[in-house]
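Q: I'm new to this one. Can you walk me through it?

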Amino acid sequence: MGEEVIISNKQVILKHYVSGYPKESDMELKNSTIKLNVPEGSNVVILKNLYLSCDPYMRGRMKKTEGSYIDSFTPGSPITGFGVAKVLESGDSNFQKGDLVWGMTGWEEYSIVTPTQNNLFKINDKDVPLSYYTGILGMPRMTAYGETVFVSAASRAVGQLVGQFAKMLGCYVVGSAGSKEKVDLLKSKFEFDEAFNYKEEHDLDAALKRYFPDGIDIYFENVGGKMLDAVLLNMKLHGRIVACGMISQYNLEQTEGVHNLFYLISKRIRMEGFIIFDYFHLYSKYLEMIIPKIKAGNVVYVEDVVEGLENAPTALVGLFSGHNIGKQVVMVSSE
């Protein structure tokens with residue numbers, strides 16, 4: 001065994017469970033230490049974290065929940081999420097020192113993870129920005145199949161890709177966002193057919209009828225609440241709703257009710273939840289499809305990158321007030 005190496009390790013800690021909108025003060029930056037040695041016989045991997053992903057689903061982990069698809073954070077411990085890292089030491093034969101990987105890691109400078117538990121994937125193609133593996137190359141996005149497609153929260157990490165994939169398949173695509181700048185981005189950069197600022201629409205039902213006079217075939221749901229209620233009124237017969245997120249509800253103590261659920265019956269609408277963990281087995285096929293399109297410039301991907309672990313709490317909190325444009329990423333180290 002080699003000489004034991006102990007170094008300092010900055011961490012972002014969740015101080016307590018959160019109610020209402022999260023604040024930077026719900027988290028704190030702490031200095032800790034970590035041993036950069038793999039215990040004999042262990043299969044853990046020691047990582048130097050490079051990029052961390054800020055995602056809306058993390059809000060649900062900041063409160064005590066039961067029956068969710070992913071565990072709550074533990075107060076007093078580092079926040080965890082998807083990230084890109086470099087392998088410093090490995091007890092797993094599938095990963096070698098110097099490998100670049102993405103998967104679940106800690107919000108800290110260095111992490112010790114178990115590859116099978118943390119869905120660790122080796123990064124083989126390094127001809128694209130490494131930060132892309134927190135988003136467009138890190139969590140495979142669902143391709144929308146169909147004719148008329150509506151995407152809510154369309155300028156965010158998932159929405160921008162769903163809309164472009166749907167356009168590749170010849171769909172008519174409309175997105176909603178929360179500012180004029182984001183609406184312009186959807187139409188000029190991501191080439192959505194139409195887009196609107198939901199904050200300027202006093203009647204969401206009327207807005208959707210304006211863009212979908214014959215109804216919506218597919219709705220990619222990222223928002224919930226009043227938007228979902230309006231969409232249900234405008235779905236076509238046998239329409240499909242992909243429920244990926246409901247960001248409008250995450251910070252409410254009492255979530256809003258949905259009043260138009262009967263339309264699921266009368267219009268024979270199929271509504272199904274979408275969790276990325278169910279599709280990791282398709283990751284290699286996804287890379288075969290998406291990397292050539294990125295290199296050829298056929299897919300546009302926008303990131304909002306902040307530098308420094310100390311700025312991670314601000315970046316995460318900003319998700320829920322719409323501060324970011326595109327995928328929110330924190331750069332911890334440039335390697």
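Q: In what order do the six strands of the open sheet come?
A: This is a predicted model. The order is E10-E9-E8-E11-E12-E13, with parallel pairing.

Q: Which strands sit at the edges?
A: Strand E10 (194-197) and strand E13 (270-273). Each pairs on one side only.

Q: And how are neighbouring strands turned against each other?
A: By 15 degrees on average, direction ignored.

Q: How many bridges link E8 and E11?
A: Three. E8 covers residues 148-151 and E11 covers residues 216-221. Val151 has Phe220 in E11 as its bridge partner.

Q: What does helix H4 touch on the sheet?
A: H4 (residues 225-234) packs on the sheet and touches E8, E9, E11, strand E12 (235-243) and E13. Its direction makes about 150 degrees with that of E12.

Q: Where does helix H3 lie?
A: H3 (residues 204-211) lies across E8, strand E9 (172-177), E10 and E11. It runs at about 165 degrees to E10.

Q: New topic. Which residues touch the most other members in the largest nonpolar core?
A: Ile136 and Phe150, out of 91 residues. Domain 1 (6-135 + 302-331) and domain 2 (140-276) each give this core at least three residues.

Q: What does Ile136 touch?
A: Leaving out residues up to four places away in sequence, Ile136 touches Leu161, Tyr286, Ile290, Ile294, Val299 and Tyr301.

Q: Last one: what does UniProt say about residues 10-117?
A: An unreviewed entry annotates them as "domain: Oxidoreductase N-terminal". In the model, that stretch is 0% helix and 42% strand. Its end C-alpha atoms are 23 Å apart.

Key
Residues numbered from 1 in each chain as written. Predicted model: local features only at pLDDT ≥ 70, side-chain atom pairs only at ≥ 80, totals over all residues. Heavy atoms only, no water. Pairing = 2+ DSSP bridges. Helix = DSSP H or I, 4+ residues; strand = E, 2+ residues; numbered from the N terminus. Axes fitted to C-alpha atoms, helices over the stretch in contact; angles between N-to-C directions. Contact = heavy atoms within 4.5 Å. UniProt positions renumbered as here; feature names shortened; annotations may be inferred. Core = buried A, V, L, I, M, F, W, Y, C linked by side-chain atoms within 4.5 Å. Buried < 20%, exposed > 50% of the residue type's maximum accessible area, 1.4 Å probe, protein only. Domains from an automatic or database assignment.
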